[in-house]
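Please read these notes with the model open beside you, and look up each residue as it is named.

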Amino acid sequence: SLFVRLGYDDCNQYLYDAMLRAGQRVLPIAADDNHNKYPLGHKLCNTFCGWTQIEAEKLEYRCVTKALEHGNYYISTGPAIHSLRIEEDQIIVECDPAARIVVTHDTERLQRKDAEEDGITTATFKLRPDNGWFRVTVYDQNGNFAMTRPYYPEEYIMP
């Protein structure tokens, strides 16, 4: 579930998409604002609520910072995204069992796949370059989510 301790919602995807649609190429980041006032297991404990899953060549400072700079990561409050790949005109997502997988586009068009019973672990979506950028969000059964950075046409359209 989304954790809101004080003030604003911890994650506002609508505002994030509005920034992207306004031309701001910002990357998402997830982290805990962790003060450990409550013990692990307590409903107000804010430990391990959000993290950035980085895909670096090595666990070394320069490799990690390079991965962050290039957007080789996703953010999560629970589920894992195992792979996201583009094959011809398809976006293929593999993840932990999910209640829903959503592709958000620059055009405000959404594509989504919902689990009927058990969680879905793979989904394929039609890639339409006229939709501009896209990003993927995976939701688990508890409302936790994982979200990719936006991918832009110059990254996925082959010349």
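The numbered points below go through helices, cores, ring contacts and a few single residues.

1. Some words on the source come before the details. This is a predicted model, in which local features need pLDDT of at least 70 and side-chain atom pairs count only at pLDDT 80 or more, while totals for chains, interfaces and linings use all residues. Residues are numbered from 1 along each chain as its sequence is written, and side-chain values use heavy atoms, with hydrogens and water left out.

2. Helix 1 covers residues 13-21, and its buried residues are Gln13, Tyr16, Asp17 and Leu20. These four span an arc of only 95° around the axis, and therefore they lie on the same side of helix 1. Helices (H or I, at least four residues) and strands (E, at least two) are DSSP runs, numbered from the N terminus; buried means under 20% relative accessible area, exposed means over 50%, and partly exposed is in between, for a 1.4 Å probe and protein chains only. The arc is that of the directions from the helix axis to the C-beta atoms.

3. What do the buried residues of helix 1 pack against? They pack against strand 5 (100-105), strand 8 (134-139) and strand 9 (145-148), where contact means heavy atoms within 4.5 Å. Just after helix 1 comes Gly23, which takes a positive phi of about 95°.

4. Asp17 of helix 1 deserves a separate look, as it is buried with a relative accessible area of 7%. Leaving aside neighbours within four places in sequence, Asp17 is in contact with Thr104, Trp133 and Arg135. Thr104, for its part, is found in strand 5 and counts as buried at 4% relative accessibility. Not counting residues up to four places away in sequence, Thr104 touches Asp17, Arg21, Arg109, Leu110, Trp133, Phe134 and Arg135.

5. In helix 2 (residues 61-70), the residues Cys63, Thr65 and Ala67 are buried, and the buried residues of this helix pack against strand 1 (51-54) and strand 2 (73-76). Helix 2 is followed by Gly71, whose phi is positive, near 75°. In the loop between strand 1 and helix 2 lies Lys58, which counts as partly exposed at 48% relative accessibility; leaving aside neighbours within four places in sequence, Lys58 is in contact with Cys63 and Val64.

6. The largest nonpolar core has 20 residues, of which Ile91, Val93, Ile101, Phe125, Phe134, Val136 and Val138 touch the most other members. Strand 4, strand 5, strand 7 (120-126) and strand 8 are the elements that give two or more residues to this core, and strand 4 gives the most, with 4 residues. A second, separate core of 9 residues includes Tyr16, Leu20, Ile75 and Tyr152. A nonpolar core is a set of buried Ala, Val, Leu, Ile, Met, Phe, Trp, Tyr and Cys residues joined through side-chain atoms within 4.5 Å. As background, nonpolar side chains tend to be buried together in soluble globular proteins.

7. How many aromatic pairs does the structure hold? It holds 3 aromatic pairs, and one of them is the stacked pair of Phe134 and Tyr151, at 5.4 Å centre to centre with 20° between the planes. Phe134 lies in strand 8 and Tyr151 in the loop between strand 9 and helix 3 (153-156), so this pair ties together parts that are 17 residues apart in sequence. Phe134 counts as buried at 0% relative accessibility, and Tyr151 counts as buried at 18%. Ring pairs also link Phe134, Tyr151 and Tyr156 into a cluster. Rings of Phe, Tyr and Trp (its six-membered ring) pair if their centres lie within 6.5 Å; planes under 30 degrees apart count as stacked, over 60 as edge-to-face and the rest as tilted.

8. Arg25 lies over the face of Tyr152, at 3.6 Å from the ring centre, and Lys113 lies over the face of Phe125, at 5.3 Å from the ring centre. A charge sits over a ring if NZ of Lys or CZ of Arg is within 6 Å of the ring centre and within 35 degrees of the ring normal.
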